[in-house]
Amino acid sequence: MADAQAQENLLRAVRGLPMIYREVIVLLLEGLEYREIAEVVGITESNVGVRLNRARKQLKTLLEETS
């Protein structure tokens, strides 16, 4: 039961991210590497890293608010 709630909280938090962060998180979770994400999104690999870092920080904040 707790796992289902945690998954729901994570899904809600991902949905709450701005699109530029949500898309890189989703692509990473789908198994793409930074290079592949960069090609799909049309940004540099270093920018993928920046967006993922910012997305993780926002996810952490959003998840802390729900717990």
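How are H3 and H4 oriented to each other? H3 and H4 are roughly perpendicular to each other, a term for angles of 65 to 115 degrees. This is a predicted model, in which local features need pLDDT of at least 70 and side-chain atom pairs count only at pLDDT 80 or more, while totals for chains, interfaces and linings use all residues. Residues are numbered from 1 along each chain as its sequence is written, and side-chain values use heavy atoms, with hydrogens and water left out.

**Packing of H3 and H4**

- Helix H3 (residues 34-41) and helix H4 (residues 45-66) pack at an angle of about 95 degrees, and their axes are 8 Å apart.
- Helices are DSSP runs (H or I, at least four residues), numbered from the N terminus.
- In the contact (heavy atoms within 4.5 Å), the H3 residues include Tyr 34 and Ile 37, and the H4 residues include Val 48 and Leu 52.

**Salt bridges**

- The structure holds three salt bridges, each a side-chain nitrogen of Lys or Arg within 4 Å of a carboxyl oxygen of Asp or Glu.
- Glu 8 and Arg 12 form one of them (3.5 Å, N to O), and both lie in helix H1 (residues 2-15), four residues apart.
- Arg 51 and Glu 23 form another (3.6 Å, N to O); this pair links distant parts of the chain, helix H4 and helix H2 (residues 19-29), 28 residues apart.
- Arg 35 also meets Glu 39 in a salt bridge (3.6 Å, N to O), about one helical turn away in helix H3.

**Accessibility**

- Arg 51 is buried (under 20% relative accessible area), at 16%.
- Glu 39 is exposed (over 50%), at 58%.

Definitions and conventions. Axes fitted to C-alpha atoms, helices over the stretch in contact; angles between N-to-C directions. Helix = DSSP H or I, 4+ residues; strand = E, 2+ residues; numbered from the N terminus. Parallel < 35°, antiparallel > 145°, perpendicular 65-115°, else oblique. Buried < 20%, exposed > 50% of the residue type's maximum accessible area, 1.4 Å probe, protein only.
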